[in-house]
Amino acid sequence: MEAAALAKQPEAKWEDLSISNDFLFGKVMQDAELCKELLQRILPELDIDHVEYPELQKTIKEDFEAKGVRLDAYVNDGKSTVYDIEMQAVTSKYLPRRTRYYQSMIDLQLVDKGQDYDTLNDSYIIFICLSDLFGKGRYRYSFENICKEDTEVMLNDGAKKFS
């Protein structure tokens, strides 16, 4: 963009920014108390005591040829639960597969060789979306593995996804 065009753009005021702004989102995620409050508002049914080690832009790349991921905010609540919080500014039909991939990459980080699977942390993948990906008018969509033949049977694998 030319300098003259940049000069004509109105200045953005911090009061006008929303959580979807990358800078503001990063600032909220860096503050453990603000991050905890955001998580608690997204997941009011949980009792999140505190968050530990807020980490922005965590990169996971397990293999030279594998597609890596960069997590916007990766936190632990101190109760062996991990949360990946993503800001999704652009609608993508691939979001469901992306959440699956992110969950699998996080799981690779949580269990070491020789450990039992019961050491695998519960995890929440949270995409804060600016639009309604599924078009059903909901403010929140929650996903877990449920038996299709009997919806009262839950897989209880500790993996939960929200958008």
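Is Arg140 buried, partly exposed or exposed? Arg140 is partly exposed, with a relative accessible area of 22%. The model is predicted.

**Glu45 and Arg140**
- The side chain of Arg140 forms a salt bridge with that of Glu45, at 3.1 Å from N to O.
- This pair links distant parts of the chain, 95 residues apart.
- Glu45 sits in the loop between H3 and strand E1 (52-60), while Arg140 sits in the loop between E4 and strand E5 (142-143).
- Glu45 is partly exposed, at 48% relative accessible area.

**Arg98 and Glu86**
- Arg98 and Glu86 meet through their side chains in a salt bridge of 3.9 Å, N to O.
- Arg98 belongs to helix H4 and Glu86 to strand E3 (residues 81-88), so the pair ties together parts 12 residues apart in sequence.
- Glu86 is buried, at 1%, whereas Arg98 is partly exposed, at 27%.

**Glu37 and Arg41**
- A salt bridge joins Glu37 to Arg41, with the closest N and O atoms 2.9 Å apart.
- Both residues lie in helix H3 (residues 32-42), 4 residues apart, or about one turn of the helix.
- Glu37 is partly exposed, at 40%, and Arg41 is exposed, at 63%.

**Asn121**
- Asn121 lies in the loop between helix H4 (95-110) and strand E4 (122-129).
- Asn121 is buried, with a relative accessible area of 15%.
- A polar atom of the Asn121 side chain is 3.3 Å from the backbone oxygen of Ser80.
- Beyond its neighbours within four places in sequence, Asn121 contacts Ser80, Thr81, Val82 and Leu110.

Note on methods: Residues are numbered from 1 along each chain as its sequence is written. This is a predicted model: local features need pLDDT of at least 70, side-chain atom pairs count only at pLDDT 80 or more; totals for chains, interfaces and linings use all residues. Side-chain values use heavy atoms; hydrogens and water are left out. Helices (H or I, at least four residues) and strands (E, at least two) are DSSP runs, numbered from the N terminus. Buried means under 20% relative accessible area, exposed over 50%, partly exposed in between (1.4 Å probe, protein chains only). A polar contact is a pair of N or O atoms within 3.5 Å; within protein, one must be able to donate a hydrogen and the other to accept it, and residues adjacent in sequence count only if both atoms are side-chain atoms. Contact means heavy atoms within 4.5 Å. A salt bridge is a side-chain nitrogen of Lys or Arg within 4 Å of a carboxyl oxygen of Asp or Glu.
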